[in-house]
Structure formats: C-alpha cells, structure tokens
Amino acid sequence: MVGFEVGAVPFNPDGWGPPDSAAGGITLPNQPSNVPFAPFSRSDKIGRIADWTRNMSNQARPGSRQGGFHQSDSAFDFSGDDSFATLAADEDSSFRLVDTSAKSHHHNPNRPKFNHRWRFNQHNARSQLPQRRDEEVEAKKREAEKERARRDRMYNNRSQMPQRRESSVFKSSVDIQPEWNMLDQIPFSTFSKLSFSVPEPEDMLICGGLEFYDRSYDRITPKNCRPLERFKSRNFFKVTTTDDPVIRRLANEDKATVFATDAILSTLMCAPRSVYSWDIVVQRVGNKLFLDKRDGSQLDLLAVHETSQEPLPDVKDDINSIHSLSVEAAYINQNFSQQVLIRDGNKVEFEETNPFASEGEEVASVAYRYRRWKLDNEMYLVSRCEVQSVIDMNNQRSFLTQNALNEFDPKYSGVDWRQKLETQRGAVLATELKNNANKLAKWTCQALLAGADTMKLGYVSRVHPRDHFNHVILAVVGYKPKDFATQINLNTSNMWGIVKSIVDLCMKLKEGKYVLVKDPSKPQVRIYDVPQDAFDNDYVEEPLPEDEQVQPLGEDENGADANAATNDVEDKEISNEAVTA
C-alpha cells in the first residue's frame with residue numbers, strides 16, 4: 001500500500017505565512033525553486049487558485065467573454081511562467097490530436113453554412129449569415145437602437161397631433177361674480193352611489209296638439225335619403241319654469257312642492273356624464289322650489305361631440321366650433337321633428353291649447369304633459385314634459401319623441417355614415433354613444449319622463465362637410481325608452497337619486513335665489529348664493545347679419561347657398577323670438 005508522508009512544516013515566529021528562507025536558513029529539499037508568488041487584493045474575486053492550462057496565444061478579441069482576458073485572472077495566471085516548461089514539454093510530447101471528422105478537400109473554415117429556416121426570412125434580410133457570439137451582441141444592440149428610434153418617431157408624431165380632450169380648457173357657462181357666495185360643492189363621484197325609487201307619475205294636464213308620425217321615414221336608407229326641409233312658419237317655444245302659466249297655476253293651487261321642466265331634470269339626472277359647463281337657477285319661494293334656466297342658456301342648445309376625446313376648434317367663426325355645432329344641432333332637431341310628420345291637417349287636440357302660442361299663430365307639433373311624482377310623504381314634483389307626435393298602434397295611441405343625431409365631418413368621428421349605416425348600424429350607434437353620451441342620455445331621460453312609448457332617432461348629415469346649411473336624412477330608427485336606457489347603462493333609480501339629493505339640499509336653504517353651476521374643468525357641481533336681481537338683465541345674443549355669417553366654401557350658380565344663408569338668419573330670428581316669448 002502506498003503511503004503518504006507529510007513533509008516538515010516550518011514555523012514562522014515573526015508572523016503569518018512561511019518564514020523567510022534567507023533569514024531563517026530553512027531549506028526545503030526536493031522542492032522546485034524560483035516558483036513565483038502571486039500577491040492579490042482582498043477585494044479581488046478568486047476564480048481559481050492557479051491555472052497552468054491557459055494558452056496566451058489563443059485569446060479571443062477584446063470585449064469577448066469567451067476565452068477573453070480578465071483582470072482578476074492575472075494574479076493567478078502562470079501560463080507565462082517558464083518554471084514548468086520542462087515538465088509540460090515531456091507530457092505534451094506523448095499526446096497527438098487526431099481529427100476524425102469528414103472534411104471536403106476544398107474546405108474553407110470561413111465559409112458560412114446556410115440554414116433553411118432563415119433563408120427566406122425577409123424580416124432579417126440584413127442578417128442572413130450566421131454570426132459569432134460577439135457579432136450577435138452587436139446585432140442585438142443595433143436592433144435595440146432601431147426600436148428606440150422608432151419609439152422616438154412615434155412619440156414625436158403623437159406630440160405634433162392635436163391635444164387630447166383632457167388638456168382642453170372650457171369656459172364656464174355663467175360668469176361667476178365676486179359677490180357670489182359659494183355654499184357647497186358636490187363631486188360627481190357621490191352621485192353614482194345614489195338611488196331612489198319613485199312610484200308611477202300621474203298626469204295633471206295635457207296641453208297642445210300632435211300630428212301623426214309618417215312611417216315611411218322608417219324605410220329611409222343612405223341610398224334613398226331625403227333632404228331636410230325648413231319650417232320657417234312654425235314656432236318653437238323654450239319657456240322656463242317660472243314663466244309657464246300652467247306651472248304658476250299649479251303652484252298657486254299647491255299641487256306640488258318642486259317645479260321644473262324635462263330639460264332641467266334631464267340635465268341633473270345625467271350630470272355625471274356631462275363635460276361642458278351648465279347652470280340651473282334655483283329659486284326658493286316660501287315652501288316651494290323652482291328650478292329655472294337663464295335666458296339664452298346653453299340648455300336650449302344641443303352639445304355635439306361633448307364626450308369625444310378629439311377636441312373641436314375653439315374659434316367661434318369656425319363652422320365646426322362648439323357653439324356653431326350646438327346651434328346647427330338645435331335647428332336640425334327642430335326641423336327633423338316636424339318633417340317626419342303627416343302634415344295633412346289631421347291633428348290630435350288635447351284639453352287645452354298650447355299655453356305659449358298666440359291666437360292664430362302656427363306652432364310646431366308638440367304636446368306638454370304636466371306630470372307629478374311623489375318624492376316623499378309631503379313632497380311632490382311637477383314637471384312639464386314634451387312629446388312631438390302620436391301614432392296608432394294596436395288600436396291604441398302611442399306618444400313619440402323625435403330627435404336627430406347630426407354628422408358634420410366624418411374625419412372627427414372616424415365613421416362615415418353613408419357607408420356604415422346600412423351594414424354596420426350598431427357601429428355607428430356605438431360611436432355616437434362614445435362621442436355624445438350625455439346628449440343621448442338626456443334624450444332618453446326626457447322620453448322616460450314624458451312617458452313616451454317610442455323614441456325616434458334620426459341620422460342627419462351635411463350634404464358637404466363644409467356646407468352647414470343643407471342636410472339630408474339618412475335613416476330613422478325607433479327604440480323603446482326603457483330598453484334603450486338599459487343599453488346605454490342609464491339607471492332610473494340613480495337618476496331620481498340625484499334629483500332627490502339636490503332637492504333635499506336646496507330645501508334646507510333659506511328663501512332666496514341660487515345658481516347650480518357645473519365646473520368647466522372638474523367633475524363637480526357648485527352652489528352659489530346670488531342676489532335676487534341676478535340674471536334679470538342678461539344679454540341675449542342677436543343673430544349675425546347675413547354678410548358676416550360663415551359661408552360654405554362652394555356656391556352653385558343659382559345662388560342656392562346664399563338663399564340658404566338667408567333662410568338660416570330667418571330661422572334664428574324666429575327661434576330668438578320663441579326664446580324671449
């Protein structure tokens with residue numbers, strides 16, 4: 001059995017490590033001499049104690065991790081030492097390396113080997129050849145630089161696009177005066193948690209007269225569209241609550257505690273969906289509460305693209321500005337509601353005539369239903385609600401509301417109605433629900449408040465995107481108000497919960513005049529205490545003269561556009577007379 005002998009270990013009384021052979025006179029027999037000692041730092045990472053196998057002549061290029069030179073290896077690298085050269089030479093002479101692989105006579109080690117997997121790969125057309133590891137790293141760096149440059153280009157292009165709706169600055173619907181005292185502000189987030197159920201309303205009175213709906217308009221398609229007519233001789237009335245003689249009479253008879261109109265109630269019910277600023281005047285008289293609108297209020301107009309992400313031009317003279325589109329949408333709705341009727345003189349008359357019309361005056365087809373809801377044991381709400389037509393269905397008469405969505409430029413919505421209405425009507429409606437969520441919700445609220453059996457939605461578009469005087473009716477679709485409310489996620493209990501909370505808050509105030517203002521930049525509503533004479537001398541904007549109005553780009557030889565401009569001025573005069581009536 002082969003034994004193992006441990007040699008003599010010298011003792012160093014002066015410190016750690018082997019003693020100095022010269023000072024101590026200690027010699028180690030049969031030991032190699034002149035072996036170099038490699039000092040190292042304690043911070044160096046020790047990869048190996050000693051490496052006698054490395055070949056300094058076979059190093060890779062700098063920067064390569066495989067076979068490259070590392071600084072931590074230098075302290076333990078003995079490959080360049082000649083102390084072991086004689087021993088290594090004897091051992092290496094007995095070894096022979098034989099290559100048994102089959103090789104071509106014309107083998108070129110630098111010739112690339114092609115692979116079928118990337119032969120026709122066009123995405124990597126520039127890197128068709130196999131690469132070494134260092135070249136792969138360089139290729140990945142180049143791809144990363146290209147990706148970074150592509151992202152920079154996308155970011156720069158996006159920054160040059162029009163700013164999104166979130167960054168748009170809107171103006172308040174009413175100028176807040178310094179002497180007004182803010183009493184409270186309510187964030188819209190609290191409205192989403194409210195819920196209140198009301199029993200079925202009762203009809204107090206029905207005034208006005210209705211014409212019958214023309215069912216032929218249900219068969220209109222973009223291929224056989226009809227031009228939108230103008231009804232200059234028919235008057236439309238937008239009378240506020242306290243100016244309504246019927247509401248004054250009901251208030252004197254103590255029929256209710258709270259009085260309003262369907263336009264005001266729908267604005268409150270759909271407040272969480274609103275983006276533009278609006279205001280409602282609240283008057284506390286005795287134990288009664290009146291919800292009014294100002295003269296020339298934005299409630300008489302219809303917002304367009306209110307909830308869209310793409311902002312509209314802020315220039316007032318632009319035909320696609322917020323104000324111009326609101327006025328255009330209001331006239332389209334008025335004319336559309338009268339055009340889809342059978343105008344043969346057959347009319348359904350109710351208990352009383354139109355309370356706002358003079359004797360012998362031609363008025364639009366409308367019926368006012370004064371309905372009463374019970375809010376609690378001692379509080380009732382009376383609202384004036386409107387329906388525009390009637391239809392005989394299953395031997396029963398049904399009330400209808402008629403409203404029109406207007407397309408002004410397909411570039412803003414991204415959907416061309418003339419191409420999509422026949423084949424993808426659901427996509428068109430979904431786009432309108434995204435861009436006009438508040439307006440559609442308010443129309444649905446008004447149909448529910450009026451007890452309408454059907455709400456008709458018309459799709460009206462401009463003849464040309466730059467011609468805001470002439471329009472065509474592309475389609476008319478009917479919906480059940482309750483079903484449509486479910487489709488657009490409009491909760492009836494939440495609607496009445498918002499109204500009940502506002503009424504309870506206002507009933508706690510002392511007698512006086514207040515204004516409810518939606519913040520133009522934040523989703524919240526504020527209540528201000530205002531003087532009694534506030535809004536009494538509000539300036540109502542008069543229509544512009546014909547020569548100052550924005551004209552469409554193209555005019556035909558017959559002067560049809562000029563006539564349209566004149567008709568539009570006449571329509572504005574009639575509407576302003578109706579508002580001030």
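Residues are numbered from 1 along each chain as its sequence is written, and side-chain values use heavy atoms, with hydrogens and water left out. Because the model is predicted, local features require pLDDT of at least 70 and side-chain atom pairs count only at pLDDT 80 or more, while totals for chains, interfaces and linings use all residues.

The chain contains 13 helices and 15 strands, where helices (H or I, at least four residues) and strands (E, at least two) are DSSP runs numbered from the N terminus. Of its 581 residues, 41% count as buried; buried denotes under 20% relative accessible area, exposed over 50%, and partly exposed the range in between, with a 1.4 Å probe and protein chains only. Contact is defined as heavy atoms within 4.5 Å. Among contacts between residues at least 6 apart in sequence, 74% join residues at least 24 apart.

Strand β2 (residues 202-212) is largely enclosed by the rest of the structure, because eight of its eleven residues are buried. Pairing of two strands requires that DSSP find at least two bridges between them. β2 is joined to strand β8 (residues 366-376) by seven bridges, and the two run antiparallel; Asp-203 has Arg-371 as its bridge partner in β8. The pairing of β2 with strand β7 (residues 347-349) is also antiparallel and spans three bridges, with Lys-347 in β7 as the bridge partner of Glu-211.

Helix α5 (residues 262-269) and helix α12 (residues 492-507) have axes that come within 8 Å and cross at roughly 100 degrees. The axes are lines fitted to C-alpha atoms, for helices over the stretch in contact, and angles run from 0 to 180 degrees between N-to-C directions. On the α5 side the contact is made by Leu-265, Leu-268 and Met-269, and on the α12 side by Met-495, Trp-496, Ile-498, Val-499 and Ile-502. These residues divide into eight nonpolar, no polar and no charged; Ala, Val, Leu, Ile, Met, Phe, Trp, Tyr, Cys and Pro count as nonpolar, Asp, Glu, Lys and Arg as charged, and the others, Gly among them, as polar.

With a disulfide taken as a pair of cysteine sulfur atoms within 2.5 Å, the count is zero. The cysteine sulfur closest to that of Cys-270 belongs to Cys-445, at 3.4 Å, which is too far for a bond. Cys-270 is buried, at 1% relative accessible area, whereas Cys-225 is partly exposed, at 31%.

Ser-326 lies in helix α6 and is buried, with a relative accessible area of 5%. Beyond residues up to four places away in sequence, Ser-326 touches Leu-301, Leu-302, Ala-303 and Val-304. The C-alpha atoms of Ser-326 and His-305 are 9.7 Å apart, at a sequence separation of 21 residues.

Pro-313 is located in the loop between β6 (288-292) and α6 (322-339). Its C-alpha atom is separated by 9.8 Å from that of His-323, ten residues apart along the chain. Not counting residues up to four places away in sequence, Pro-313 touches Asp-318, Asn-320, Ser-321, Ile-322 and Tyr-412.
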